[in-house]
Amino acid sequence: MRAWKISKTDAQRQYALINTLTGMEPMNQNLADELISMMTEDQRLLQQLFDSGELPSDSYHPGMRALHEANAARLKAVVGVHGWPGISLVGEEAAKAAWLIAQHAVSDLEFMAECVGLLEEAVVREDAEGWQLAFLQDRVCTLAGKPQHYGTQFDVDESGWPTPFPIEGAAGVNERRARLGLNSLEERLEEMTERERLRRANLKTTSPSPERGG
């Protein structure tokens, strides 16, 4: 059987048709491009700071903070005009970018909580991915000092290995995760642990050998 692929243009036409039929705002390519550009810069700066050794850090890096706050301010303005920029308005990649910007808006917990409500509505109408709601809602909870719901947010134990922040109703966490398209908490923990193993292995590989005395 031939596998059919939908081009970006075809997808945009489909979104436009859906929007016409439902009375929703039409696809906004300029806004989509802007959101993706903001996400790209976020990830570029993050990688740059990791490569330079400035991250990880115990404090909020001032350059990262400035970018996050500027992006959050812009997203807040977008939300004020359009509501949540979901898939129907900006496409999947830009909708993901909007989520990332909200996820990093840690200087404005009130706005993050507002975005949780908007994302929840978008997920119900299938205009956003469920996993995005899980990550954002959990981050708001952990930043507020409350147990998370989906186990997406991790701390480190005394040995530096990943461990999830406290989870409300931990016995049912995998059922809640599955409903939003996430793998099990055990699988996620193994992924995080393997990532830390690789990080430590890379540190050993790149660390200079100690000089021997003559």
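**Exercise 1. Placing N71**

In which helix does N71 lie? Determine also whether N71 is buried or exposed, and list its contacts away from its sequence neighbours.

*Solution.* The model is a predicted one.
Step 1: locate the residue. N71 is part of helix 3, which spans residues 62-82.
Step 2: The relative accessible area of N71 is 9%. Buried means under 20%, so N71 is buried.
Step 3: list the contacts. When neighbours within four places in sequence are set aside, N71 contacts M38, D42 and I101.

**Exercise 2. The overall chain**

Describe the order of secondary structure elements in the chain and state what percentage of its residues is buried.

*Solution.* 
Step 1: count the elements. The chain contains 8 helices and 2 strands.
Step 2: Along the sequence the pattern reads α-α-α-α-α-α-β-β-α-α.
Step 3: consider burial. Of the 214 residues in the chain, 37% are buried.
Step 4: consider the range of contacts. Taking contacts between residues at least 6 apart in sequence, 54% join residues at least 24 apart.

**Exercise 3. Helix 5 against helix 6**

Work out how helix 5 and helix 6 are oriented relative to each other, and identify the residues that form their contact.

*Solution.* Two packed helices are described by the angle between their axes and the distance between those axes.
Step 1: take both values. Helix 5 covers residues 109-124 and helix 6 covers residues 130-143; their axes come within 9 Å and cross at roughly 155 degrees.
Step 2: classify the angle. Angles over 145 degrees count as roughly antiparallel, and helix 5 and helix 6 are therefore roughly antiparallel to each other.
Step 3: Helix 5 and helix 6 cross in a left-handed sense.
Step 4: list the residues. Helix 5 contributes L109, M112, A113, C115, V116, L119, E120 and V123, and these meet G130, Q132, L133, L136, Q137, R139, V140 and L143 of helix 6.
Step 5: sort them by class. The contact of helix 5 with helix 6 comprises 11 nonpolar, 3 polar and 2 charged residues.

**Exercise 4. Helix 3 against helix 5**

Carry out the corresponding analysis for helix 3 and helix 5.

*Solution.* 
Step 1: take the angle and distance. The axes of helix 3 and helix 5 are 12 Å apart, and the helices pack at an angle of about 45 degrees.
Step 2: classify the angle. This angle makes helix 3 oblique to helix 5.
Step 3: The crossing of helix 3 and helix 5 is left-handed.
Step 4: list the residues. From helix 3, A72, L75, K76 and V79 meet F111, E114 and L118 in helix 5.
Step 5: sort them by class. The contact of helix 3 with helix 5 has 5 nonpolar, no polar and 2 charged residues.

**Exercise 5. Loop residues**

*Solution.* 
Step 1: P56. The peptide bond joining L55 and P56 is cis, with omega about 0 degrees.
Step 2: H104. With 16% relative accessibility, H104 counts as buried. Beyond its neighbours within four places in sequence, H104 contacts D42, Q43, Y60, H68 and R139.
Step 3: E126. E126 is not a glycine, yet its phi is positive, about 60 degrees. Its relative accessible area is 70%, so E126 is exposed.

**Exercise 6. Cysteines and R177**

State how many disulfides the structure holds, then describe the surroundings of R177.

*Solution.* 
Step 1: disulfides. The structure holds 0 disulfides.
Step 2: cysteine burial. C115 is buried at 0% relative accessibility, and C141 is buried at 11%.
Step 3: R177. This residue belongs to helix 7, residues 173-179. R177 has a relative accessible area of 1% and is buried.
Step 4: its contacts. Not counting residues up to four places away in sequence, R177 touches Y150, G151, T152, L182, N183, S184, L185 and R188. Y150 is 27 residues from R177 along the chain, and their C-alpha atoms are separated by 5.7 Å.

Technical notes. Residues are numbered from 1 along each chain as its sequence is written. This is a predicted model: local features need pLDDT of at least 70, side-chain atom pairs count only at pLDDT 80 or more; totals for chains, interfaces and linings use all residues. Side-chain values use heavy atoms; hydrogens and water are left out. Axes are lines fitted to C-alpha atoms, for helices over the stretch in contact, and angles run from 0 to 180 degrees between N-to-C directions. Helices (H or I, at least four residues) and strands (E, at least two) are DSSP runs, numbered from the N terminus. Angles under 35 degrees count as roughly parallel, over 145 as roughly antiparallel, 65 to 115 as roughly perpendicular and the rest as oblique. A crossing is left-handed if the near helix is turned anticlockwise from the far one by less than a right angle, and right-handed if clockwise. Contact means heavy atoms within 4.5 Å. Ala, Val, Leu, Ile, Met, Phe, Trp, Tyr, Cys and Pro count as nonpolar, Asp, Glu, Lys and Arg as charged, and the others, Gly among them, as polar. A disulfide is a pair of cysteine sulfur atoms within 2.5 Å. Buried means under 20% relative accessible area, exposed over 50%, partly exposed in between (1.4 Å probe, protein chains only).
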